[in-house]
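Work through the exercises below with the sequence and the model side by side. Try each task before reading its solution.

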Amino acid sequence: MNNGILIDTKLCTGCHACEVACKQEKDLPDGVWGIKILELGPWKLPNSKKWEYRYLPMLAKSCDLCAERVQGGLLPSCVFHCPASVMAYGPLD
């Protein structure tokens, strides 16, 4: 069974909890990431005084979806620690 992570990018708040959880779980050195939040914006909304940002969590090629955690019945660290619950782990189908 092939599993993956689904991320609802419209609801991501850019809190970086997934980045921190991944770096701690994998003990990654400075400058190396398993997941990284890309920030888009700000841009001004049309006919408004409001500005908007978008946050895009991106998995690195080195990400193994926390294979050891998953084998033990746990979620990948980034998914488990996402306070907004915008990440889901499961079968690709």
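The model is predicted, so local features need pLDDT of at least 70 and side-chain atom pairs count only at pLDDT 80 or more, while totals for chains, interfaces and linings use all residues. Residues are numbered from 1 along each chain as its sequence is written, and side-chain values use heavy atoms, with hydrogens and water left out.

**Exercise 1. The nonpolar core**

Task: find which residues of the largest nonpolar core touch the most other members.

Solution. Step 1: apply the definition, in which a nonpolar core is a set of buried Ala, Val, Leu, Ile, Met, Phe, Trp, Tyr and Cys residues joined through side-chain atoms within 4.5 Å. Buried means under 20% relative accessible area, exposed over 50%, and partly exposed in between (1.4 Å probe, protein chains only).

Step 1: the largest core has 14 residues, and I5, C18, I35, C78 and M87 touch the most other members. Two or more residues each come from β1 (3-7), α1 (17-26), β2 (35-44) and α3 (77-81). These elements are DSSP runs numbered from the N terminus: helices are H or I with at least four residues, strands E with at least two.

Step 2: take I35 and leave aside its neighbours within four places in sequence; its contacts (heavy atoms within 4.5 Å) are C18, E19, C22, P57, M58, L59, C78 and M87. In soluble globular proteins, nonpolar side chains tend to be buried together.

**Exercise 2. A glycine in a loop**

Task: decide whether G34 is buried or exposed.

Solution. Step 1: locate G34 in the loop between α1 and β2. Step 2: its relative accessibility is 5%, so G34 counts as buried. Step 3: list its contacts, not counting residues up to four places away in sequence; they are C22, L28, M58, L59, A60, S62 and C63. The C-alpha atoms of G34 and D64 are 8.3 Å apart, although 30 residues separate the two along the chain.

**Exercise 3. Salt bridges**

Task: identify the three salt bridges in the structure.

Solution. Step 1: search for a side-chain nitrogen of Lys or Arg within 4 Å of a carboxyl oxygen of Asp or Glu. Side chains of opposite charge can pair when their charged atoms come close.

Step 1: E25 pairs with R69, with closest N and O atoms 3.5 Å apart. E25 is in helix α1 and R69 in helix α2 (residues 67-71), 44 residues apart. E25 is partly exposed at 36%, whereas R69 is buried at 15%.

Step 2: K26 pairs with D64 at 3.0 Å between the closest N and O atoms. Because K26 lies in helix α1 and D64 in the loop between β3 (51-59) and α2, this pair ties together parts 38 residues apart in sequence.

Step 3: R54 pairs with E52, and their closest N and O atoms are 3.0 Å apart.

**Exercise 4. A strand pair**

Task: state in which sense β2 and β3 pair.

Solution. Step 1: two strands pair if DSSP finds at least two bridges between them. Step 2: β2 and β3 have eight bridges, in the antiparallel sense. One of the residues involved is E39, whose bridge partner in β3 is Y55. Step 3: the two strands form a hairpin with six residues between them, and N47 in the turn has a positive phi of about 55°.
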